[in-house]
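Subject: Structure handover

Hello,

Here is the structure that I am passing on to you. My notes on it follow below.

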Amino acid sequence: MADIERTLCPLPAAAELTAAGREALFANLVEDCLPALRAYARGLCGNPHLADDCVQDACIRALSAFASFDTARPFRPWIFRILRNEWLQRLRRDKRMTSMPHEDIRDLLIDTHTPEDAAGGAALLAEISRLPPDMADAISLVLGLGFSYEEAAAACNVAPGTMKSRVSRARAVLMERLEVKAPVAPEPELPPARRRAA
């Protein structure tokens, strides 16, 4: 309905309005499409509370970017695209979050590491520092800092496939180097009576 009215009475450019005028225009435009936004968000999320959160976050993002909105273009596709992008960002963010039982959290808070573990970590860090810079960056970003391959690729200005390859090659080199340095524990010698039976 608002799009039909706009063709009859064009809207002023959002950048030309005062802050209060922009907010009022934004409120009117959002009010017209809010039920459809909520319905679309519920279809995406499947959870009404999460859908309302997504709509609220999308409206906040849209309001902050509204000064650059071209009022000659339709508002609905613009805000729906913002809502969809907000949902996708939430999916990516939630993919990294996991829920844990309280017992597991309690176990994580108790430090069971030994001095030998620290020595192993120091050896790993020393081997990472000996890697070529592109592999060291890849392994540090993806495995050390928990970046996704896409985020690490963007940080290094390379394609995600290149980042996956670098991480794979770095892992292989590290595994090879650490296996060579790891002392092979001798098999325990069985008493003579057990040796014959085995």
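Before the rest, two remarks on how to read the values. This is a predicted model, in which local features need pLDDT of at least 70 and side-chain atom pairs count only at pLDDT 80 or more, while totals for chains, interfaces and linings use all residues. Residues are numbered from 1 along each chain as its sequence is written, and side-chain values use heavy atoms, with hydrogens and water left out.

Aromatic pairs

The search of the whole structure gives nine aromatic pairs. Rings of Phe, Tyr and Trp (its six-membered ring) pair if their centres lie within 6.5 Å; planes under 30 degrees apart count as stacked, over 60 as edge-to-face and the rest as tilted. Phe26 and Phe66 are edge-to-face, because their ring centres are 5.3 Å apart and their planes stand at 65°. Phe26 lies in helix α2 (residues 19–45) and Phe66 in the loop between α3 (48–65) and α4 (75–96), so this pair ties together parts that are 40 residues apart in sequence. Helices here are DSSP runs (H or I, at least four residues), numbered from the N terminus. Phe66 is buried, at 1% relative accessibility.

The rings of Tyr40 and Phe80 form a tilted pair, with centres 5.4 Å apart and planes at 50°. Tyr40 is in helix α2 and Phe80 in helix α4, again parts that are 40 residues apart in sequence. Tyr40 is partly exposed at 30% relative accessibility, whereas Phe80 is buried at 16%. Ring pairs also link Phe26, Phe66, Phe69, Phe75 and Trp78 into a cluster.

Salt bridges

Eight salt bridges turn up in the whole structure, each a side-chain nitrogen of Lys or Arg within 4 Å of a carboxyl oxygen of Asp or Glu. One of them joins Arg38 to Asp52, with the closest N and O atoms 3.0 Å apart. This pair links helix α2, which holds Arg38, to helix α3, which holds Asp52, 14 residues apart. Arg38 is partly exposed at 33%, and Asp52 is partly exposed at 28%.

Another salt bridge is between Arg61 and Glu86, at 2.5 Å for the closest N and O atoms. Arg61 is in helix α3 and Glu86 in helix α4, 25 residues apart. Arg61 is partly exposed, with a relative accessible area of 42%, but Glu86 is buried at 2%. Salt bridges that share partners join Asp57, Arg61, Glu86, Arg90 and Arg93 into one network.

Cysteines

The count of disulfides is zero, a disulfide being a pair of cysteine sulfur atoms within 2.5 Å. The sulfur of Cys45 is 4.0 Å from the closest cysteine sulfur, that of Cys54, which is too far for a bond. Cys45 is buried at 16% relative accessibility, and Cys54 is buried at 0%.

If you look at one thing next, open the model at the Phe26 and Phe66 pair.

Regards

How values were computed
Helices (H or I, at least four residues) and strands (E, at least two) are DSSP runs, numbered from the N terminus. Buried means under 20% relative accessible area, exposed over 50%, partly exposed in between (1.4 Å probe, protein chains only).
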